[in-house]
Amino acid sequence: MKSITRVLTSVLFAATFAALQAAAPAALAADKVTFKLDFSPVGYHAPFYAGVSRGVYAKHGLDVDIIPGNGSYPAVLDVASGRVDFAFADTSVLALAALKGLRDVKVVAMVFEETPYSVLYLKNKGISKPADLAGKTEANFTGSGVGQLFQAFARINGFSTSGIKEILSAPPTYLNPLVVGQADFAPSTVNQTVNLRGLAKDAGNDLGEFRFIDYGINIYGAAILANTKTIAEHSDVVKRFVRATLESVQWAARHPEAAVDELRKTNPQLKKDRALAELRAILQVSIPRGASAADPLQLGWVDEAKMAHTIDLVRESYGLKQTVDPRALYTNAYVAKP
Amino acid sequence: MIPRVVVHYAPATILAVVVLVAWEALVRLFHVPEIILPAPSQIAAALVDPSVDWPHHIWVTGVEVVIGFAFAVVFGIAIALVIVMSSFLGRVLLPWVLLAQIAPKIAFAPILFLAFGYNQLPTILITFLVAFFPMVVNTATGLSSLDPRMKDLLRSYQASRWDVLRKAQFPTALPYVFTGLKISSTLAVIGANVAEFVSARAGLGFLIINAQVTFNAPLAFAAAGYLILLGVLFYALVALLERVTMPWAIPHRAA
Amino acid sequence: MAVVYLSNVGKQYQTADGVTIEALRDIHLAVEHGEFTAVVGPSGCGKSTLLRIIAGLDRASAGSVEIDGAPVAGPVASAGVMFQDPLLMAWRTALDNVLLPIEVLRRKRAAYCERARELLALVGLQGFEKRYPHELSGGMQQRVALARALIHDPELLLMDEPFAALDEITREQMGLELLRIWNETGKTVLFVTHSISEAVFLADRVVVLSARPGLLRAAIRIDLPRPRTTRLRGLQRYTDHCQEIRQQLGLIV
């Protein structure tokens, strides 16, 4: 008698569950989201690709389509227009867009707590401190964000940029003049530098680096961006996306080599040693609490004062008069205070 | 007895070998930085690197080129027909055709991706825009190049405008169309490449950009090498098609 | 009844700068069945225009043009045309070129295939049916053009300086060929030329046009026996006819 009851209960339970499944809205199936990167996939994008290949996003009910990018600015615009749901783009670029009137995009989770920007220079050109850069030749490309922020770098480190000559070329090969010695220095990022220094050394040129964070610039780097409309209408999706992404970031911080292996599943053309070096450089400079944070959601917290400072530095570098309320550029609703 | 094929292609091959050897030697001799100019040996290694899914990337770009080119040919010839048959419509359409050609695709590509999404549709559209102008111009020129006395001859047999078009203008236009096809096919490769530079998930253009941002010059050059190969293959196919389609033009063929 | 009848035909046209040119004025001409009529005159005398009007490719500004008693309103199938340039289609074989008028006139091609071969044989090109124009000499191309002009069995053959582009020796040979074919087919021929000797040698009657405006100066009956042979070029009568025409053209002062 007992076994029949058990069987009937199981059948009833299964039937109810099936009925519920059939009646449930489509939201039970994974939500499809698009996620645009700041650049073509490189080592520091490993957390995102690992999030997909390890099923972290899937676990949170998300089907994430990662779209390789071609600059932070286009990525910001894509979110603003609604063409993509989320973007990974530099906060200073978002600030610039906001200062120019863009209102619909917010940071929903910080990722690069510190900026990865730096200045690369040739040691044999008599440069040992930032002030030595005055009057030298710079390799740059038009529209370079870090190139523009160099203005603030110069002011903070007490030298003028007025005497500096520029060699402009197209991204992403704008550093070539520096490699062959035609230029003395160039704005760059720590992930680029880590590999370039080795390659330049092979060519007989010793490159030094002034990292922005070591020379008085503490601003935010790249973050997860979303449209205010998405935040208003699909808050749950944003919450899950932020959680899954930050979980992935922490995992990558703790297991960088495995993260690069995951990255190389979809991007096998990336060289493992270079990608790993890129990731490690970014983890060290821009995500310092990545491995140690007690809760991955703490990694995404935005401090109002630091956001204000980031905006101010952009204003100064671009010579802009208008202002924007820092609180308009982010929300901490999906993250945790460290 | 040396086979004729060998004799025919020997000079070009020898020159290519000489260039490659000189390149390799110069790069090593002058310690040219790898990221500026890699050695042929490094590029060759990248060409066959198993960790790069070459077939996939070549296929992705190849599909974009073929479809974009196909549309360029169909629309290009169609527009040329309209321009030649109706001077009114021709005046209306020609500025747009010119605009499509002259407008810098690099500037407009992001807008197209914004409009159509991050997939291959805008890429194919850009490929089409880059490739279709030569088809229009060459076909229109060809259709208009008919000797007016031939038109008289046909008219003397009470030929309609359609008869003249079908029997005389089309065949007269054929050599011009093939010239257009040759130019367009190579432009289609360039167009797909330009589009991929702006946005792509895969493809030879994607590889070039990705290689550049990771300072992997051998990979960038290898991807470019496959692109060149793709372009050459297309050109050769068109030339072959020309030879098969126009047996009467053999003494007049130049390239 | 005349095959071709022109009465008071005049032709004027405007140039791009608004100047009125009178190409032909007050032309009276009657061409009989089976007659070989040559039209000769200096360049600009309107002889080609005259031919085009008869062919229906141009309209006369004044007067009437009739073929077989019917007014000419457009191109008629009862005429076959030949120009100075053979105007063969490079992408068609000789046979296909000959059959072109049949296709344009929407007649059954199969019914004329045999006729096309016969005509090619008639013009001396048997065996060349599958050749492309670029494989044929200038003279041979003109023969194909002649076969083409005859394919739909027109009553009237209009020829506008068909041998002008050929060298003199080939020209004379082609002339003899033409006479042979004319003799075998019995067509009515209107032959425009700027060569006085050619006109005299070939024609039954030579119509002389002067230039600007194109006026019909004379229609001279040629008194030479048929069949015409090269030997006849040595006769006094031949020379006299040529001189007569030159006189009409005002060349002899």
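How many bridges join strand E1 of chain C to strand E4 of chain C?

1. The model is predicted, so to speak of local features a pLDDT of at least 70 is needed, side-chain atom pairs count only at pLDDT 80 or more, and totals for chains, interfaces and linings use all residues. Residues are numbered from 1 along each chain as its sequence is written, while chains are lettered from A and ligands numbered from 1 in the order in which they are written.

2. Five bridges join E1(C) (residues 4-14) to E4(C) (residues 62-67), and these strands run antiparallel; C:Gly10 has C:Ala62 as its bridge partner in E4(C). Strands here are DSSP runs of E with at least two residues, helices are runs of H or I with at least four residues, and both are numbered from the N terminus; two strands pair if DSSP finds at least two bridges between them.

3. E4(C) is also joined, by two bridges and again antiparallel, to E5(C) (residues 70-71), where C:Pro71 is the bridge partner of C:Glu66. The hairpin of E4(C) and E5(C) has two residues between the strands, and in it C:Asp68 takes a positive phi near 55°.

4. Between chains A and B, the contact (C-beta atoms, placed from the backbone, within 7 Å) takes 26 residues from chain A and 26 residues from chain B. On the side of chain A, the largest share, four residues, comes from H8(A).

5. Chain B places 17 residues in contact with 18 residues of chain C, and H7(B) gives the largest share of the chain B side, six residues.

Conventions. Contact = placed C-beta atoms within 7 Å.
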